[in-house]
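Okay, thanks for coming, everyone. I'd like to walk you through one fold today, so let me put it on the screen.

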Amino acid sequence: NKCNLECRYCFAEVNEKFDTMSTARILELIDTLYLYGTRAFTIIGGEPLIHKAFDTIVNYITDKGMICETMTNGYLVENKLNTLKKLHSICVSLDGEEETNDIIRGRGCYKKAIEALDILHKNNINFRIHAVITKYSLSSVDHLIKLAKKYNTFVTFANPAIDDKLKDLYL
């Protein structure tokens with residue numbers, strides 16, 4: 001529930017003073033889910049890469065032979081590269097061209113996401129681009145598709161959560 005950004009449409013209750021589940025409890029839950037047949041995990045946040053036990057959690061999941069992917073804003077990709085190489089897929093959040101993306105996610109976010117895409121591509125790590133479509137980013141769909149082609153990946157799209165506070169973002 002922690003993040004280094006404050007995206008306008010984020011539905012996660014990030015940066016709140018919730019008690020963080022202990023690493024031991026997280027690993028116990030992974031074991032339980034595995035026993036019930038779970039074979040794939042997507043680690044989301046906030047920003048999962050800032051979790052103190054991110055490396056431990058990924059290793060635990062992948063050591064069990066399970067599929068593991070994560071979503072990230074890209075800021076910590078370089079720092080977590082060794083762990084990210086163990087994942088089956090990484091989803092990098094990017095909502096459009098620089099101006100469009102940074103209106104929603106904050107100044108400089110576009111450049112950090114592109115830097116992350118470059119690093120992942122250079123290291124032959126499987127990734128995709130994920131965009132939230134708003135009235136601001138709709139005009140950037142072509143740009144996102146061109147980026148996906150450049151990196152030989154694909155782009156997925158979602159809409160912002162339905163919330164009266166976000167009406168100015170809706171199409």
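Let's start with a pair of helices: are α5 and α6 roughly parallel or roughly perpendicular to each other? Before I answer, a word on where this comes from. It's a predicted model, where local features need pLDDT of at least 70 and side-chain atom pairs count only at pLDDT 80 or more, while totals for chains, interfaces and linings use all residues. Residues are numbered from 1 along each chain as its sequence is written, and side-chain values use heavy atoms, with hydrogens and water left out.

One bit of naming too: helices (H or I, at least four residues) and strands (E, at least two) are DSSP runs, numbered from the N terminus.

Helix α5, residues 109-122, packs against helix α6, residues 141-150, at an angle of about 25°, and the axes are 11 Å apart. Axes here are lines fitted to C-alpha atoms, for helices over the stretch in contact, and angles run from 0 to 180 degrees between N-to-C directions. Angles under 35 degrees count as roughly parallel, over 145 as roughly antiparallel, 65 to 115 as roughly perpendicular, and the rest as oblique. So α5 and α6 are roughly parallel to each other.

Who makes that contact? From α5 we have Tyr110, Ile114, Asp118 and His121, and from α6 we have His143, Leu147 and Lys150. Contact, by the way, means heavy atoms within 4.5 Å. By class, the contact of α5 with α6 has three nonpolar, two polar and two charged residues. For the classes, Ala, Val, Leu, Ile, Met, Phe, Trp, Tyr, Cys and Pro count as nonpolar, Asp, Glu, Lys and Arg as charged, and the others, Gly among them, as polar.

α4 and α5 pack at an angle of about 110°, with axes 8 Å apart, so α4 and α5 are roughly perpendicular to each other. On the α4 side the contact uses Glu98, Asn101, Asp102 and Arg105, and on the α5 side Cys109, Tyr110 and Lys111. That contact has two nonpolar, one polar and four charged residues.

On the terms: buried means under 20% relative accessible area, exposed over 50%, and partly exposed in between, with a 1.4 Å probe and protein chains only. Just after α4, Gly106 takes a positive phi of about 115°.

On to the sheet. Five strands form an open sheet in the order β1-β2-β3-β4-β5, with parallel pairing. Two strands pair if DSSP finds at least two bridges between them. At the edges stand β1 (40-43) and β5 (155-158), each with a single partner strand, so one side of each is left without a neighbour in the sheet. The twist averages 20° from one strand to the next.

β1 pairs with β2, residues 67-72, over four bridges, and Ala40 has Ile67 as its bridge partner in β2.

Last, a few loop residues. Ser137 sits in the loop between β4 and α6 and counts as buried at 1% relative accessibility. Leaving aside neighbours within four places in sequence, Ser137 is in contact with Asp95, Thr100 and Val132.

Most residues other than glycine have a negative phi, and most peptide bonds are trans. Asn124, in the loop between α5 and β4, has a positive phi of about 55° and is exposed at 71%. Asn152, in the loop between α6 and β5, also has a positive phi of about 55°. And the peptide bond from Gly45 to Gly46 is cis, with omega near 15°; Gly46 is found in the loop between β1 and α2 (54-63).
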